[in-house]
Amino acid sequence: MSSRTLRLALIVLTVLGVALASYLTYIHYAEIKPLCTAGNSCIKVQSSVYAKLAGVPVALMGLLGYVAILASLLVPQGENSRLATMALTLVGFGFSAYLTYRELFSIHAICEECATSAGILTVLMGLSVWRFLRGDDGSVSMRATPAVHSSAPESAAPLGSAS
């Protein structure tokens, strides 16, 4: 896969994540019930004590995380931006894994939207790690570097020899 295609795939997935996290943030603040095909499991998760961290909705944290990932993908590309994307997706994946653990073992319910976000973050993390380890961003050119010249004259006698 070309570096451009890989970056485009990351951008598309991140935009999907932004849309999903925007929806979850909206329903939180609008205090409406989420769309859920699995009974009340989404409502149970969204209204649990784990839906907020230090008073901040995890949906809003997810939205901010996705926006940060998108920003790292839209800046001029280089090793630092690839590292930032990878770091952000690793943190997002880790936090999402923690929340999934809480859904399974503390709340005993699965939120479909949350699981979808976890899936998006898992793929984003895998692709961003692969992209970083590949090391190519399409903007690196393999030009010859100029030779470094010594400032000593070529006819100088070696040290310790008599002139």
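These legends accompany several close-up views of one predicted model.

In this predicted model, local features need pLDDT of at least 70 and side-chain atom pairs count only at pLDDT 80 or more, while totals for chains, interfaces and linings use all residues. Residues are numbered from 1 along each chain as its sequence is written, and side-chain values use heavy atoms, with hydrogens and water left out.

**View 1. The chain as a whole is built from five helices and two strands.** Helices (H or I, at least four residues) and strands (E, at least two) are DSSP runs, numbered from the N terminus. The chain has 163 residues, of which 33% count as buried; buried means under 20% relative accessible area, exposed over 50%, and partly exposed in between (1.4 Å probe, protein chains only).

**View 2. The largest pocket holds about 580 Å³ of space.** Of its 32 lining residues, Val58, Ala59, Gly62, Phe95 and Leu99 are the closest to the centre. Two or more lining residues come from each of helix 1 (3-30), helix 2 (41-46), helix 3 (58-74), helix 4 and helix 5. Helix 4 gives the largest share, 10 residues. Sorted by class, the lining has 21 nonpolar, nine polar and two charged residues. Here Ala, Val, Leu, Ile, Met, Phe, Trp, Tyr, Cys and Pro count as nonpolar, Asp, Glu, Lys and Arg as charged, and the others, Gly among them, as polar. For the method-minded: on a 1 Å grid over the protein atoms alone, a pocket is an open set of points where a 1.4 Å probe fits, with protein on both sides within 12 Å along at least five of seven lines, and lining residues have an atom within 4 Å of a point. Grid points are joined across faces, edges and corners, and the volume is the space filled by probe spheres set on the points.

**View 3. Tyr98, Tyr101, Leu104, Phe105 and Ile110 make a nonpolar surface patch of about 490 Å².** Tyr101 sits in helix 4 (residues 79-107), and it counts as partly exposed because its relative accessibility is 43%. A patch of this kind takes residues with over 30% relative accessible area and no salt bridge, and joins nonpolar side chains (Val, Leu, Ile, Met, Phe, Trp, Tyr) within 5 Å. A salt bridge is a side-chain nitrogen of Lys or Arg within 4 Å of a carboxyl oxygen of Asp or Glu. Areas come from the Shrake-Rupley method with a 1.4 Å probe.

**View 4. Ala54 and His108 are worth a look for their backbone angles.** Ala54, in the loop between strand 1 (52-53) and strand 2 (56-57), has a positive phi near 55° without being a glycine. Its relative accessible area is 79%, so Ala54 is exposed. His108 is not a glycine either, yet its phi is positive at about 60°. This residue lies in the loop between helix 4 and helix 5 (112-134), and with a relative accessible area of 59%, His108 is exposed.

View 5. Gly78, in the loop between helix 3 and helix 4, is buried because its relative accessible area is 16%. Ser117 belongs to helix 5 and, at 14% relative accessibility, counts as buried.

Conventions:
Patches are made of residues with over 30% relative accessible area and no salt bridge: like charges are joined within 9 Å, nonpolar side chains (Val, Leu, Ile, Met, Phe, Trp, Tyr) within 5 Å.
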